[in-house]
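Hi,

Here is the structure I said I would pass on. Have a look at it first, and then read my notes below.

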Amino acid sequence: MKTALLVIDMQAYFSEMTHDCLPNILKLNTHFKNNSMPRIFTQHGHTKEELTPPFKNQLVKKWGRSGSIAKDSPDWQLMSPVAKAAEGCPIIHKNTYDAFINTNLSHVLKEQNIGRVLVCGVMTDCCCDTTARAAFNRGFETWLLSDACGTASKKQHEAGLRGFGYAFDRTVARLKSRK
């Protein structure tokens, strides 16, 4: 089965959440690149219009303007090592937790005959989990990579993994052992 690595939102805004997962994401990226396997990255952000009241985007309503990432801002940029890793790869721009909504991600995966997606990045319990569930619901075998995801706390990280592992597909650490 053809497998793609889906790297979610490894942006400057989330850098404090990536200390443990970033080295694993870079190792995975190198493995996929060296084996000519597809790699897809996402980048979360909001347009000036979305950040102007009255807010129509649900995430901007929830987090407010100051808790949202402005597209093209320094916080919106991919972290330097991730930007380098993403060179030549599709980058899906999104404005909600689910990387399939209002994007061409499904088309990109189907165009490459992908049957399995390995999801990593940030935040485990928000964008990674939501995108992984959406991939599963669209018929892709979906693995949420526990040691290649990060979030605001260990408690949130573990809760996201538990919920996904129970109701959807696999949570995997280091691609060799399954939980």
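**What I found**

Start with the largest nonpolar core, which has 27 residues; Leu5, Met10 and Leu145 touch the most other members. A nonpolar core here is a set of buried Ala, Val, Leu, Ile, Met, Phe, Trp, Tyr and Cys residues joined through side-chain atoms within 4.5 Å. Buried means under 20% relative accessible area, exposed over 50%, and partly exposed in between, using a 1.4 Å probe and protein chains only. At least two residues of this core come from each of β1 (3-8), α1 (21-34), α3 (80-85), β4 (116-122) and β5 (141-150), and α1 gives the most, with five. Those labels are DSSP runs numbered from the N terminus: helices are H or I with at least four residues, strands are E with at least two. Apart from this core lies another, of 23 residues, including Leu109, Val117, Cys127 and Ala135.

Before you go further, keep in mind that this is a predicted model, where local features need pLDDT of at least 70, side-chain atom pairs count only at pLDDT 80 or more, and totals for chains, interfaces and linings use all residues. Residues are numbered from 1 along each chain as its sequence is written, and side-chain values use heavy atoms, with hydrogens and water left out.

**Two helices side by side**

Next, find α5 (124-137) and α6 (154-167). Their axes come within 9 Å and cross at roughly 15°, so α5 is roughly parallel to α6. The axes are lines fitted to C-alpha atoms, for helices over the stretch in contact, with angles from 0 to 180 degrees between N-to-C directions. Under 35 degrees counts as roughly parallel, over 145 as roughly antiparallel, 65 to 115 as roughly perpendicular, and the rest as oblique.

Who meets whom? On α5 there are Thr124, Asp125, Asp129, Ala132 and Arg133, and they meet Gln156, His157, Gly160, Leu161, Gly163 and Phe164 of α6. Contact means heavy atoms within 4.5 Å. The residues of this contact divide into three nonpolar, five polar and three charged.

The buried residues of α5 include Cys126, Cys127, Cys128 and Thr131. As a group, the buried residues of α5 pack against β1, β3 (91-94), β4, β5 and α6.

Most residues other than glycine have a negative phi, and most peptide bonds are trans.

- Proline 53 and proline 54 are joined by a cis peptide bond, omega about -5°; proline 54 sits in the loop between β2 (39-44) and α2 (58-63).
- Valine 122 and methionine 123 are also joined by a cis peptide bond, with omega about -15°.
- Aspartate 9 has a positive phi, near 50°. This residue is in the loop between β1 and α1 and is buried, at 0% relative accessibility.
- Asparagine 113 has a positive phi too, about 55°, but is exposed, with a relative accessible area of 62%.

**One last residue**

Isoleucine 114 is in the loop between α4 and β4. Is isoleucine 114 buried or exposed? Its relative accessible area is 7%, so isoleucine 114 is buried. Leaving aside residues up to four places away in sequence, isoleucine 114 touches Lys2, Thr3, Ala4, Pro38, Leu109 and Phe140.

Cheers

Definitions and conventions:
Ala, Val, Leu, Ile, Met, Phe, Trp, Tyr, Cys and Pro count as nonpolar, Asp, Glu, Lys and Arg as charged, and the others, Gly among them, as polar.
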